[in-house]
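Here's a quick briefing to read with the model open beside you. Start with the chain contact, then move on to the rings and the backbone.

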Amino acid sequence: MSDASKTMEDFSYDDVTPMPFNEPKGSLCRIAYSAEYTTVMGIIRAFLSVKEYSERALAATAAAIELNPAHYTVWSYRYDIIKNISESLESDTKRQQYIDEELEYNESVAINYPKNYQIWNYRELLIKLHPNPTPKKEFPLLEAIIIEDNKNYHTWAYRTWLVSYFNLFDEESEINFVNILLAKDIRNNSAWNFRFFLKFNNNNRKLTEEEIEKEISHVKNSISHAPQNSSSWNYLTGIYDRTGKDISELEEFCLEFGSIDDILIEDLRTNDGEDNSDDVEVIVKSVYAVELLSNIYAKEKKAKSLKALEILTEIDPIRENYWSYKRSLLA
Amino acid sequence: MGGGSTLVPANAFKRGGKEILFKYRWFMIGADINVDEASRIKDVEKVNFLLSLLGRKRTVSTRESNSTDYQYENMLQLVENYKNRINFYNDDDTNTVTIKDQKNVENSCHEIYASYVNDDNNNDFPKLAKREHLHFLSKSFKTEFPGSYVVLDSSQTWILYWIANALMLLGVELEEEKEQIAKKVLVAQNNQYGGIGGGEGQLGHIASTYSALLVFSYSENKDFWSQIDRKKMYHWMMTDLKQPNGSFAMHKGGEVDTRAVYCALTVASMLNIMTPELIEGTAEWLGKCQTLEGGFGGSPSLEAHGGYSFCAVASLCLLGDPKTMLSKYCNLPNLIKWSVDRQGGIEGGFSGRSNKLVDGCYSHWIGGIFPFLEAAIQNDNNDSFKGLFNRNGLSNYILGCCQDIEGGGLFDKPGCRPDFYHTNYTLVGLSHCQHQYSFDYKKYELLKDKCLDAAAYCYDVKMLKDDSVIEFCKENMLRPINPVFGAVNGYVEAMRQFYFDSSE
């Protein structure tokens with residue numbers, strides 16, 4: 001049986017000749033390896049060359065990962081060892097126990113290095129190897145990391161994979177998780193993206209018209225709370241894009257955040273650096289609303305669309321070139 | 001934000017512990033480490049040599065009197081934007097951590113810009129501190145890294161690329177390093193299974209291979225070039241990396257994402273080993289990675305992200321002309337919108353995702369998308385090029401907020417310490433600001449039936465001299481790059497020609 005607590009000290013390596021590094025001193029960007037790292041890597045490379053899949057090799061990979069968790073060759077070798085040994089075990093129960101222990105080991109590394117590329121891919125491989133995987137066991141780890149670092153890309157990617165792999169789209173746990181995170185930070189774009197994935201990327205089930213409307217009113221409500229939140233506006237237009245709905249339905253809603261007919265461009269212009277933000281605030285509550293209006297009007301009400309773009313040039317001048325490009329499309 | 005990271009003592013790792021000793025924030029390799037003060041060995045001779053090549057004597061120059069000073073105008077605009085911004089963030093229950101972090105960064109950038117704009121002493125505007133950056137880069141190139149750098153052991157070809165590429169952008173011609181670069185790359189080649197690894201004795205990894213081949217092209221040595229085992233490389237890519245759905249894995253059993261696709265396509269192109277089988281289904285798979293927001297995620301359903309978006313867009317534009325590819329396989333208007341939205345109105349720099357902070361490295365990951373977008377919408381009758389993003393704004397962010405003026409090197413955002421990764425990608429970004437790329441559709445028509453990657457070699461580049469687009473300043477000028485590869489223009493092309501000729 002594997003025991004994650006077993007270290008290199010528990011095994012003998014007397015018969016192994018560590019493979020030396022041949023890179024000459026003075027070569028570019030050379031790293032001065034510690035004696036410990038040189039030995040451990042030398043042993044691993046010697047094992048690799050003869051494809052030794054053993055518990056002592058496993059202990060050596062753990063020692064290497066402790067020194068350098070980003071070493072993909074070591075992770076890859078470790079996986080080969082686990083796969084080999086687990087396949088040699090006589091029952092599924094033993095295999096399960098063996099891989100569970102490995103998942104635990106991986107978890108301890110993940111908690112320390114949550115942004116490492118290898119760890120999550122490795123976990124995915126283990127789950128695929130597991131005779132009886134339980135996705136729910138993954139949640140505490142994911143939650144611990146995401147609550148600490150709510151936009152951690154790798155962790156979200158792993159959760160997305162889990163949901164797809166085990167078809168968890170409609171699980172209460174998933175939407176609840178999103179809701180908790182968005183309640184904490186309405187601008188957590190990773191959570192919005194995950195919500196979109198749950199609702200609209202389920203190949204096995206399409207949302208009913210009623211459910212789509214519910215989702216639209218949910219995001220509209222969120223926009224009302226924080227009108228200048230790009231995440232929720234993108235979510236709203238994302239729904240319209242995905243379902244092929246007509247964005248002109250949104251005209252009235254957008255006008256609540258910027259009544260473009262009533263705005264005088266001169267009022268938006270800066271007067272010798274005077275602070276006029278209070279005045280502007282009253283008439284424009286969201287750049288995204290005005291932008292969406294310019295798109296809504298682009299087909300049939302070009303004058304209004306141009307006016308919206310003119311306003312955007314004033315209130316969002318960093319994107320001046322983009323607004324001017326959009327104007328050129330109307331011509 | 002946070003400052004620099006601490007170096008990791010070999011025994012600091014605690015299993016199951018909570019302590020996170022250093023932050024990972026480097027797209028592509030997922031690691032981050034800063035230069036140890038103790039390792040800063042001064043290589044004065046080398047720096048003087050490099051400086052003489054550049055013909056530079058002084059660090060900072062005075063503002064040119066004949067200059068219209070659009071840099072100033074733009075900075076003034078950023079400062080005005082800050083004063084006049086609509087107070088979007090006043091609602092108490094939505095005043096979340098995203099907003100707090102955002103305000104902090106906006107304030108620190110604003111403080112910097114305001115200090116220049118409101119300066120009564122007429123202090124010099126920030127220029128590119130070439131001398132200091134050269135010093136930072138060249139000393140790291142030749143100095144042995146301390147043992148704590150072991151976390152970058154599997155990213156050695158990346159370090160090589162970041163440093164060499166940044167030096168090349170700054171105008172340095174490599175000398176004796178060329179041979180050393182080539183040898184380092186060949187040491188990392190995996191002769192058993194194919195591909196190039198992060199260092200000696202490591203498995204082939206497509207990102208290591210990509211970065212290795214970019215610098216390998218800088219070695220300009222056909223004897224070394226001929227030592228790459230292209231047959232084994234192709235076999236490795238087809239058997240260990242290519243996935244049935246058209247995508248690629250980083251290494252055997254490794255992560256599958258748009259990074260891997262980008263690296264695989266650029267590698268196949270550089271070595272002239274691209275076949276219809278290798279790229280089957282790839283463009284379609286990339287298209288599936290575009291998200292509701294318009295950018296691309298690492299794989300289907302994942303959040304739009306600057307690094308993954310660059311990889312996806314550059315990949316599509318390696319496989320065909322930008323107009324066709326970006327319309328056929330993705331929603332171009334959404335991609336443009338998402339890309340321009342990345343630029344901060346107060347900061348001028350780019351963020352990598354919605355509601356995330358600006359970071360100097362996105363000057364390339366996002367900035368590098370624009371050559372393709374601008375080429376996709378290019379109108380050959382229209383002479384007055386403005387581009388799609390605010391070049392003066394990005395340039396102000398890089399020069400004003402990302403430079404270590406004293407020690408050299410560039411970084412993520414104010415308060416951070418420099419590293420090679422950020423130094424390279426901010427400089428590539430500055431080069432994007434200074435140049436305009438257009439696609440030669442006529443040339444492409446002639447070439448497209450001859451090779452599958454013709455589009456990668458059809459970009460024309462022009463130095464921008466219109467101050468209203470980007471203030472022209474000779475001292476800040478960097479060399480142009482090939483927008484598909486992210487390497488200084490001309491070298492990858494020459495290496496590919498060599499492999500092309502040897503395939504005949």
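Which side chain of chain A meets Lys184(B) in a salt bridge? Glu23(A) does, with 2.9 Å from N to O; a salt bridge here is a side-chain nitrogen of Lys or Arg within 4 Å of a carboxyl oxygen of Asp or Glu.

Keep in mind that this is a predicted model, where local features need pLDDT of at least 70, side-chain atom pairs count only at pLDDT 80 or more, and totals for chains, interfaces and linings use all residues. Residues are numbered from 1 along each chain as its sequence is written, chains are lettered from A in the order in which they are written, and side-chain values use heavy atoms, with hydrogens and water left out.

**Where chains A and B meet**

- Across the interface of chain B and chain A there are four salt bridges by that rule.
- Helices that give two or more residues to chain B's side include H2 (70–84), H3 (97–117) and H6 (177–188); helices are DSSP runs of H or I, at least four residues, numbered from the N terminus.
- H2(B) gives the most to that side, with six residues.
- Chain B puts 101 residues into the contact and chain A puts in 87 residues, contact being heavy atoms within 4.5 Å.
- About 8,100 Å² is buried between the two chains, and carbon and sulfur atoms give 52% of that; buried area is the accessible area (1.4 Å probe) that two parts lose on being put together, summed over both.

**Aromatic rings**

- The structure holds 47 aromatic pairs over all chains; rings of Phe, Tyr and Trp (its six-membered ring) pair if their centres lie within 6.5 Å, with planes under 30 degrees apart counted as stacked, over 60 as edge-to-face and the rest as tilted.
- Phe136(B) and Phe420(B) make a tilted pair, 5.8 Å centre to centre with 45° between the planes.
- That pair links helix H4 to helix H18 of chain B, 284 residues apart.
- Phe136(B) and Phe420(B) are both buried, which is under 20% relative accessible area, against over 50% for exposed and in between for partly exposed (1.4 Å probe, protein chains only).
- Phe350(B) and Phe370(B) are stacked, at 5.9 Å centre to centre and 20° between the planes.
- One aromatic cluster in chain B has Trp158(B), Tyr210(B) and Trp365(B) among its members.

- Asn272(B) isn't a glycine, yet has a positive phi of about 55°; look for Asn272(B) in the loop between H10 and H11 of chain B.
- Ser301(B), also not a glycine, has a positive phi near 80° and lies in the loop between H11 and H12 of chain B.
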